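The entries follow in the order I made them.

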Amino acid sequence: MTRFLARRAAMAVLTLLAVIVLTFALVHSIPGSPGAVMLGPGASAQEIHAQNELLGWNQPLAVQFWDWITHAVRGDLGTSLTGGNEVGPDLASRLPVTAAIAFGATALSGVLGIVSGVVAAVRGGLVDRLITAFSGIVVSLPTFWLGILLVYVASIRLGWLPATGYTPFADSPVDWAKSLALPVLSLAIGGAALVARQARASMVEALGQEHIRTLRATGIPPWRLLYVHALRNASVPVVAGLGMQFVGLFGSTVIVEQIFALPGLGQVAQAAVTSHDFPSVQGVVIIATVVVVVTNVALDVLISALNPKLRAA
């Protein structure tokens, strides 16, 4: 197990380093410069050149990269070119919003999807067909349309939940949960349909395996057969799918954050790309990469615990 973790940790470090180098190269290949962004379109070429010299933009790329990565290791991601604020603290304050949305949507979709998929596989017949058909319809619904529909029903018509805005957890846990309820639901509904289809297929395959039939013949109680032996075998692809879903949701919350006016990473990423705010773009990419890498390592460990044969592979 120690060698397995060491290999995964080494791969995680290499992945992070590769993304850092690639991001740095892409930022420097984009037309424009920090001086032009800071001074605006009315600045002269001499003023832009002087500002770039002050920022170190005209230094050799190797020098700039070493300077940036040494500061990044200490948590200094630079200063925003448009807002003038420190990028690190700003992104750190936004990270919990995006993480809560992605984690909440993944957890809710996992619960709903696994329950629906297992019920469809075990019951079969009409129940199976209804759940499969309904999940197929839900998967095709756009996330932004679900978000707008939820706002109309739950906020405008019923007045149960706030349509926009965000309340920090430290201010009021109840209002925090209310402010995230609709964004989480809008992402979890489609995710639950995908998980349900995957859980159903995995459960049907697990129930048809030879050792499950042998255990059934030995007289093991049905609940133990289903929810201990079969479900554990079926859980590996489902857990892998949920992990990838979390990664996808973490990197694609821009639309949801715009609909519900949430101060997350997606919102600042869109603004940074639009305004060519290079330090903010780099900071968002690095934080997102760290989250993805950590999630993948945790997912590998969890899957290997569910299926020890994968550690040897």
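**Entry 1: charged pairs**

I started with aspartate 128, which counts as buried because its relative accessibility is 12%, and the cut-off for buried is under 20%. I kept in mind that the model is predicted.

I then looked for the partner of aspartate 128 and found a salt bridge with the side chain of arginine 200, at 2.6 Å from N to O. Arginine 200 sits in helix α8 and aspartate 128 in helix α6 (residues 125-139), so this pair ties together parts that are 72 residues apart in sequence. I noted arginine 200 as partly exposed, at 27% relative accessibility.

How many salt bridges does the structure hold? I counted two. The other entry I made is for aspartate 90 and arginine 94, whose side chains meet at 3.3 Å, N to O. Both are in helix α5 (residues 87-123), and because they are four residues apart there, about one helical turn separates them. Arginine 94 is buried, with a relative accessible area of 18%.

**Entry 2: serine 202**

I went back to helix α8, which covers residues 173-207 and includes serine 202. Is serine 202 buried or exposed? I read a relative accessible area of 9%, so I wrote it down as buried. Setting aside neighbours within four places in sequence, I found serine 202 in contact with Ala234, Pro237 and Val238.

**Entry 3: annotated spans**

I checked the UniProt record, an unreviewed entry, which lists several residue ranges as "transmembrane region", among them 234-261 and 281-303. For residues 234-261 I noted 86% helix and 0% strand, with the end C-alpha atoms 38 Å apart. Residues 281-303 are 100% helix, and their end C-alpha atoms lie 33 Å apart.

**Entry 4: pockets**

I put the largest pocket at about 550 Å³ of space. Its lining has 24 residues, and Leu55, Asp67, Trp68, Gly78 and Pro279 lie nearest its centre. Which helix gives the most to this lining? I found α4, with four residues. By class I wrote down eleven nonpolar, ten polar and three charged residues for the largest pocket.

The second largest pocket holds about 280 Å³. I listed 17 lining residues, with Thr143, Ser186, Leu187, Leu249 and Ser252 closest to its centre. Elements giving two or more residues to this lining include α6, α7 (143-157) and α10 (222-251). Helix α8 supplies the largest share, five residues.

Key:
Residues are numbered from 1 along each chain as its sequence is written. This is a predicted model: local features need pLDDT of at least 70, side-chain atom pairs count only at pLDDT 80 or more; totals for chains, interfaces and linings use all residues. Side-chain values use heavy atoms; hydrogens and water are left out. UniProt positions are given in the numbering used here, feature names are shortened, and annotations may be inferred rather than shown by experiment. Buried means under 20% relative accessible area, exposed over 50%, partly exposed in between (1.4 Å probe, protein chains only). Contact means heavy atoms within 4.5 Å. A salt bridge is a side-chain nitrogen of Lys or Arg within 4 Å of a carboxyl oxygen of Asp or Glu. On a 1 Å grid over the protein atoms alone, a cavity is a set of points where a 1.4 Å probe fits but cannot get out, and a pocket is an open set with protein on both sides within 12 Å along at least five of seven lines; lining residues have an atom within 4 Å of a point. Grid points are joined across faces, edges and corners, and a volume is the space filled by probe spheres set on the points. Ala, Val, Leu, Ile, Met, Phe, Trp, Tyr, Cys and Pro count as nonpolar, Asp, Glu, Lys and Arg as charged, and the others, Gly among them, as polar.
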